[in-house]
Amino acid sequence: MALAALKEELTCSICLNIYTDPATLKCGHSFCGECIENVLETQSASANFKCFTCPECRGEFEAFSMPQKNVSLHNIAKHVLSAKQEKAVVEIFCTYCIQSQVPAIKSCLWCEASLCDDHLKVHSKSKEHILIEPMTSTANRKCSIHDNALLYYCTEDTLCVCVSCSLAEEHKGHHIESLNEASERIKGSLRDLLRNLTLKRQETKM
């Protein structure tokens with residue numbers, strides 16, 4: 001129970017995974033380094049950009065208060081992630097293999113089930129069925145308001161949302177993507193950013 005609570009505290013509210021290279025804003029909220037960098041980059045590219053805002057509390061801050069690397073949080077998250085992966089190998093089994101315990105290789109957020117290799121082959125390929133690494137519970141992947149699976153991403157508010165949230169007034173008119181679409185777009189943006197930084201670094205050395 002204590003470990004589960006700790007994992008929840010160490011979960012990035014942007015990607016919903018345990019922190020990777022966590023960074024902390026001046027308001028005290030922390031996120032994966034790459035996640036928050038991508039969010040702030042998206043904010044600064046907006047036509048209506050005035051200042052940066054925290055995706056968690058919407059607190060405003062200037063460029064000189066950019067996220068600071070949190071070494072202590074990084075070490076804790078790394079330890080918990082290692083423990084989680086070791087536990088997953090032992091305890092996470094396919095939901096549909098009722099005659100024997102077969103290790104799961106993926107979990108589906110939509111079905112709220114874990115799947116072995118055989119059941120994954122016949123699993124729905126619909127984009128609503130988001131596949132993630134095996135996990136014992138999808139509770140931290142659910143909307144805290146509607147208790148629905150977080151299957152979409154609001155680009156305006158830079159938040160993961162459920163289907164009910166996507167239709168709610170606060171997200172009305174906002175661009176909503178599936179998590180898979182958002183993931184591929186963000187990965188593409190990060191690749192472009194890394195490429196540009198590499199080129200600039202090479203030019204600086206010349």
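This is a predicted model: local features need pLDDT of at least 70, side-chain atom pairs count only at pLDDT 80 or more; totals for chains, interfaces and linings use all residues.
Which helix holds both arginine 195 and aspartate 192? Helix H6, residues 179-205. Helices here are DSSP runs of H or I with at least four residues, strands are runs of E with at least two, and both are numbered from the N terminus.

A word on the model before I go on. Residues are numbered from 1 along each chain as its sequence is written, and side-chain values use heavy atoms, with hydrogens and water left out.

Arginine 195 and aspartate 192 join their side chains in a salt bridge, 2.8 Å from N to O. By salt bridge I mean a side-chain nitrogen of Lys or Arg within 4 Å of a carboxyl oxygen of Asp or Glu. Arginine 195 is partly exposed at 47% relative accessible area. Aspartate 192 is partly exposed too, at 37%. The cut-offs: buried is under 20%, exposed is over 50%, partly exposed is in between, with a 1.4 Å probe and protein chains only.

The structure holds 4 salt bridges. Another one joins glutamate 133 to lysine 106, again with 2.8 Å between N and O. This pair links distant parts of the chain, 27 residues apart. Glutamate 133 sits in the loop between E8 and strand E9 (152-154), lysine 106 in strand E6. Glutamate 133 is exposed at 54%. Lysine 106 is partly exposed at 25%.

Next, arginine 185 and glutamate 177. Their closest N and O atoms are 3.0 Å apart, in a salt bridge. Is glutamate 177 buried or exposed? It counts as buried, because its relative accessibility is 8%. Arginine 185 is partly exposed, at 30%.

Now the sheet. It is open, with 3 strands in the order E7-E6-E8, and the pairing is antiparallel. Strands E7 (113-115) and E8 (131-132) are the edges; each has a single partner strand, so one side of each lacks a neighbour in the sheet. Two strands count as paired if DSSP finds at least two bridges between them. Strand E6, residues 106-108, pairs with E8 over 2 bridges. Serine 107 has isoleucine 132 in E8 as its bridge partner.

On to the loop between H1 and E1. Leucine 16 lies there. Its phi is near 65°, positive in a residue other than glycine. Most residues other than glycine have a negative phi. Leucine 16 is buried, at 9% relative accessibility. Its C-alpha is 9.6 Å from that of phenylalanine 31, which is 15 residues away along the chain.

Aspartate 21 belongs to that loop, between helix H1 (2-9) and strand E1 (22-24). Its phi is near 45°, also a positive value in a residue other than glycine. Aspartate 21 is partly exposed at 42%. Which residues gather with Asp21 in a patch of negative charge on the surface? Glu34, Glu37 and Glu41. Patch residues have over 30% relative accessible area and no salt bridge, and like charges are joined within 9 Å.

Last, cysteine 27. Its place is the loop between E1 and strand E2 (30-32). Cysteine 27 is partly exposed, at 36%.

Methods:
Patches are made of residues with over 30% relative accessible area and no salt bridge: like charges are joined within 9 Å, nonpolar side chains (Val, Leu, Ile, Met, Phe, Trp, Tyr) within 5 Å. Accessible areas come from the Shrake-Rupley method with a 1.4 Å probe; for residues, only the protein chains shown count as cover. Lys and Arg count as positive and Asp and Glu as negative; His and the chain ends are not counted. The place of a charge is taken as NZ of Lys, CZ of Arg, CG of Asp or CD of Glu.
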